[in-house]
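Here is a short briefing on one structure. Look it over first, then read on for its helix packing, its cores and a few single residues.

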Amino acid sequence: MAELKKLPIGIENFEDMIKENYYYVDKTGLLKQLLNEHGLVNLFTRPRRFGKSMGVDMLAAYYDRSVDTKNLFQELKINSTEEYEKHLNQYDVLKINMQEFLSATENIDQMLRMLNDYLLFDLKEQYGQVRFRDENNLVQVMKDVYSYTKHPFVILIDEWDCLFREYQQDQEAQKKYLDFLRFWLKDKEY
């Protein structure tokens, strides 16, 4: 008799879902799409409760070079594609849930400062062997890390649009947020 799978009630972590034998709808087709048709920036939209956060977690597990996750993908569709091993565990991954930063702060300036500071802290801790030209400048720190490691970043932002829901009428806050993202991400070699 086959082992019964468990219902994933309250389980949001991709690795837990696979390792603990929960029912899982294989969404690695998203990876196949990225590997075959990707751009430098990709936006995936889905209705609420569709599994976007789980998808972000799956992408992080696939791309992140700090952990060997090949075993997680052995029984999934992506394993049979040509490009599968080429990108598996080859990138430095930053996974951010923007709602956490928005909920922990009172305004857009605090949110962006907190996000910037947390990213800097994590990067400096992870890459302590790198000499930083300006350790208070997020873009420069990421350039320095990339120059040292020669591994590009995959930046995964979950709930990236939460600010537009919470600050629907505040165009100045929206502009500051978009300017931050543009400065941090647009046309950067990393």
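The crossing of helix 7 and helix 9 is right-handed; a crossing is right-handed if the near helix is turned clockwise from the far one by less than a right angle, and left-handed if anticlockwise. Helices (H or I, at least four residues) and strands (E, at least two) are DSSP runs, numbered from the N terminus. This is a predicted model, in which local features need pLDDT of at least 70, side-chain atom pairs count only at pLDDT 80 or more, and totals for chains, interfaces and linings use all residues. Residues are numbered from 1 along each chain as its sequence is written, and side-chain values use heavy atoms, with hydrogens and water left out.

**Helix 7 against helix 9**

- Helix 7 spans residues 138-149 and helix 9 spans residues 171-185; their axes come within 9 Å and cross at roughly 25 degrees.
- Axes are lines fitted to C-alpha atoms, for helices over the stretch in contact, and angles run from 0 to 180 degrees between N-to-C directions.
- Leu-138, Val-139 and Met-142 of helix 7 make the contact with Phe-180, Phe-183 and Trp-184 of helix 9 (contact means heavy atoms within 4.5 Å).
- By class, this contact of helix 7 with helix 9 has 6 nonpolar, no polar and no charged residues.
- Ala, Val, Leu, Ile, Met, Phe, Trp, Tyr, Cys and Pro count as nonpolar, Asp, Glu, Lys and Arg as charged, and the others, Gly among them, as polar.

**Helix 6 against helix 9**

- The axes of helix 6 and helix 9 come within 9 Å and cross at roughly 20 degrees.
- Helix 6 and helix 9 are therefore roughly parallel as well, and their crossing is right-handed.
- The contact includes Met-111, Leu-115 and Leu-119 of helix 6, and Tyr-177, Phe-180 and Trp-184 of helix 9.
- By class, the contact of helix 6 with helix 9 has 9 nonpolar, 1 polar and 2 charged residues.

**Nonpolar cores**

- The largest nonpolar core has 30 residues, and Met-111 and Trp-184 touch the most other members.
- A nonpolar core is a set of buried Ala, Val, Leu, Ile, Met, Phe, Trp, Tyr and Cys residues joined through side-chain atoms within 4.5 Å.
- Buried means under 20% relative accessible area, exposed over 50%, partly exposed in between (1.4 Å probe, protein chains only).
- Among the elements that each supply at least two residues of this core are strand 1 (92-97), helix 5 (98-103) and helix 8 (162-166).
- Helix 6 gives the largest share of this core, 7 residues.
- Another core, of 25 residues, lies apart from it, with Leu-59, Tyr-62, Leu-72 and Ile-78 among its members.

**Single residues**

- Val-130 sits in the loop between helix 6 and helix 7 and counts as buried at 7% relative accessibility.
- Leaving aside neighbours within four places in sequence, Val-130 is in contact with Asp-144, Val-145 and Tyr-148.
- Gln-140 is in helix 7 and counts as buried at 17% relative accessibility.
- Most residues other than glycine have a negative phi.
- Lys-150 is not a glycine, yet has a positive phi of about 65 degrees; at 59% relative accessibility, Lys-150 counts as exposed.
- Glu-159 is not a glycine either, and has a positive phi of about 60 degrees; at 24% relative accessibility, Glu-159 counts as partly exposed.

Note on methods
Angles under 35 degrees count as roughly parallel, over 145 as roughly antiparallel, 65 to 115 as roughly perpendicular and the rest as oblique.
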